[in-house]
Amino acid sequence: MSSPSSNANANANAGVADVGILAQNQSDSDDASSVSEGPKFTRRWDVYKNILQYGTEYCGNCCYADIADGSTTSPALPSTVGLRISGVGNVPLPISDDHGNEIKKRAPSEEEDNNGVYEIEASKIKIQNPQWDNSFKQLLTTVAYKLGVNPSKLTAELDGLTYMEKGGYIERSNDDDDDGNDNGVLGAIIIQLPSKFTGGALTIYNCEEDEEEDEDEDDEEEEKSFKFTLGAGEEAAYSCHFACHFLDCEYEMAKLWSGSRVLLRYSLHYKHDRADEIPTAGLIQYLTSPIESSLNGLPPDDRMVLIPLEREYDGLSLVNAGIKALSRGHRQKAEALKAARPDWEFLLVNAKLVHTCGYYTNYDPCTNETSVKDIFDEMGNCITSEMSWLKKSVDFDCVANDGMMLATLTHNQDECVLNWGPASRKCVHNYGSDQSFYTATFLVSYDPAVETELKCLGGCEEVAEVSETVVDTQDYDLLDRVLAVVESKEKSKFDVKSCQILLQMLLNSRKNAQSLVPLVNKIVRGLSSPDEPNKQLYDTIVGAVDKLGHAELSDSIQQLFADVKRKKYKDMCVFLRRMDFALKVNKYIEEGGPNYLEVAITDLNEYGKRLEVLDSAAVVRSIKDLISNYKRQRHELSRVVQASLTFLHEVRACSEGSLTLLLNRTHLLKHLLDQRRFGSLQTPLKEFVGDFLVVLWKGIDTNTGCKALDSKLKGDGKDSFVQAVSFVIDHGLSHEKERFGLWSIKKKSIFTALIEAIKSDDVGGKRLLRDILNKCLIPNFITYRNSDWVKGEKFNPRNSTLHIQQVLEVCPSIARMIDEDKRLPLHHAAAPWVQSYNNSFEVVMRVFTAYKPAASIRDPITKLYPFQLAASRRNYKASFSLLLENPSLVSSAINRNKSRGRKRKRMQKSSA
């Protein structure tokens, strides 16, 4: 067989079908002169380039066969043919032996040995069914598409009828003759009428000349054969079948094992101006093979391609006609793909594109959001639900961006939308941004043998589904396939659960450690970038380190820790899990190895989310668990505690969860103090007091904040709140204690709830109330801004001490309790705390009334009586009132002063 002529080749290039938006500037290496020196195709870009270069006009099959009952894309031929043969009469089908014998009598016998095959010339044959011609015309259109030629140029002429009896066969032969091309004969089509037989397979041969052989070597032919059963058995008895081939193909029919068959033979004619313009099997194969080779060279996870049709075929037309609803140009593209890889699945996909552009395109680039609407097979069946995985896996980006669409971009990337045809709708939003909506139909072809890999392209959910299958079936070959996709595709990664169950499967397997190392490393590196391992996954990784050694997995673990997407703006719990992992894996790391704890602490400070802590209770539990589980790693624990407390201090106290965070922080600090392993914690406690007061001040000024405070004081947070107040008293500065007192009396309801909560503490409640009274309440007084207390009443100085009165009424005994300096509340009341004369007097008298004997007790610090303390601060009214209660204190004070004077004189004399 000779190679295609240059004229025919030129004609093929002239008929190139447009595929998407064509690249405007093709490189010299893409010239058609390099047909015989094609590269090794490994990318979708090569598929697109070959379709662009060679076109789809003459891309098809050298031969094709199918059933013609309407169950496939081939149209149906009437099963009731109405066959009439001159001299035989009407012939019912399947043919009977009697009618077969009549045909044998009237068949010309040029040779005695006809191999059980008998021919009847066309002039003696008549098809009486009126639907036959129209059905055959539709079939001829399908034949044209399958052979890759123009349907409008293809016609058929009946040559005759062939009858094959049992044992009959046709030896390998060729219909080509010297006048074939001159007469415009392109090939032949055989219609097998309903027949009952077994055996008799049809084999068609296509000889492809090897273009890559050296010129000095003899031409060698690589023969390809295609076998068709044509429904041998029960199927052939009820429907017509057909087979077609080019003129330069050879064919043979095997021996019939039983029954008989009837065939109609047609010659296919092609309209042409010159004989060398008639396509041949050699030309078809020559132009189809580059597309086939490029598809064959695609890696498993790339074996899906899309061809844009730049318009939408509505669902109804596709349901009614399937692939036959496509225009001639689009049908040629579809058949080209089907001919290049007939074993691939072919689909028609209707999709939607929302194209959004901002007014300032330089700062607000255009975005494309695509989605699949419906999926149809070539028959027109809607299979959207069955193919749900494809909706996530399909990628509408062009090959220039490593997408699936066999189209490329021009200078403006936004012109990719032109592959979708005209916009179906447009709308303009505020600030000049606009949206365009597109709907279009795409041809989709994929390799079903790698459906698993293609499913994984849908993202983590699909990868997780396949991973569960791997674990359930213990299929390590499937695991290798999944890992190949995960390694090569950014979108297809393991989620946390998938990573954990796969690692656990490997650790439980009996495979040797050396073979497990690369698999474990690939799985760890394949974890989705935004996903952070949970405790179970970290524990599984620790198990892998224990079994395989840290040195073998070090690079993967460090890569896991280094990924910024995995840790940026993440909650504190994420970093505590990392610290837990670091403390567990420490014993496996040799000296000089990576310090994961240091990395985790640094990352917490650099990337931790400081706006809020999502679950502060979980944070506290995690820190307590670390303290409990790693007691021997004291130095490392101290670093964890220090870093955690510092971070909690830096969390902004502006969210609704701030109060909860502070109370949980209180619980943590109390636990740390009880452990007595982390020092006095003076700095964290002072920081806590400042943060606590900030949260209280922000909360008391809003209704939501007041409700939260009231809820905590009356609910489960009561003990923590009381402990937080205790920290304020023990570690706060004087002005912070005064500030706390001022906060506490702003709302009477909150103050009441606070006093009741403290009183309920049987252990230290009274002592804390005493300190609050002395250090926080006595320096402050009720004003008209405290509407909860005065409620619009006229000014009454006695109202300024209602808060002190309430405390003394709730717990009268604290008026006689001394503090750590052995001072009584009256000593504090008479001291210089208060800010006005009237308020000072009311405070002193309110405390004095609660425990009058205190007026006769000297202040252990100043050695003065309360009336003297008041007088020294110019609170004369209070001083006089106290003195009236016990006038004898005057003489006592005078005698004490005389005694002090005599003592001074004796000391002066002795010194002289």
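Student: Which residues are linked in a network of salt bridges?

Tutor: Side chains of opposite charge can pair when their charged atoms come close. A salt bridge here is a side-chain nitrogen of Lys or Arg within 4 Å of a carboxyl oxygen of Asp or Glu. Glu-532, Lys-567, Arg-578 and Asp-603 are linked in such a network. This is a predicted model, in which local features need pLDDT of at least 70 and side-chain atom pairs count only at pLDDT 80 or more, while totals for chains, interfaces and linings use all residues. Residues are numbered from 1 along each chain as its sequence is written, and side-chain values use heavy atoms, with hydrogens and water left out.

Student: How far apart are the closest N and O atoms of Asp-603 and Arg-578?

Tutor: Their separation is 3.7 Å. Asp-603 belongs to helix α17 (residues 596–607) and Arg-578 to helix α16 (residues 572–585), so the pair links distant parts of the chain, 25 residues apart. Helices (H or I, at least four residues) and strands (E, at least two) are DSSP runs, numbered from the N terminus.

Student: Are Asp-603 and Arg-578 buried or exposed?

Tutor: Buried means under 20% relative accessible area, exposed over 50%, and partly exposed in between (1.4 Å probe, protein chains only). Both Asp-603 and Arg-578 are buried.

Student: What does the salt bridge between Lys-146 and Glu-335 tie together?

Tutor: The two side chains meet at 3.1 Å, N to O. Lys-146 lies in helix α4 and Glu-335 in helix α7 (residues 328–340), so the pair ties together parts that are 189 residues apart in sequence. Lys-146 counts as buried at 3% relative accessibility, and Glu-335 counts as buried at 1%. By the rule stated above, the count comes to 35 salt bridges.

Student: What is the strand order of the open sheet of 6 strands?

Tutor: Two strands pair if DSSP finds at least two bridges between them. The order is β1-β12-β8-β15-β6-β4, with antiparallel pairing. β1 (63–67) and β4 (117–121) stand at the edges with a single partner strand each, so one side of each has no neighbour in the sheet. Within the sheet, β8 (residues 185–193) and β15 (residues 261–270) are joined by 8 bridges, and Val-185 stands opposite His-269 in β15.

Student: Which strands does helix α4 lie across?

Tutor: Contact means heavy atoms within 4.5 Å. Axes are lines fitted to C-alpha atoms, for helices over the stretch in contact, and angles run from 0 to 180 degrees between N-to-C directions. Helix α4 (residues 132–147) lies across β1, β6 (154–164), β8, β12 (241–246) and β15, running at about 130° to β8.
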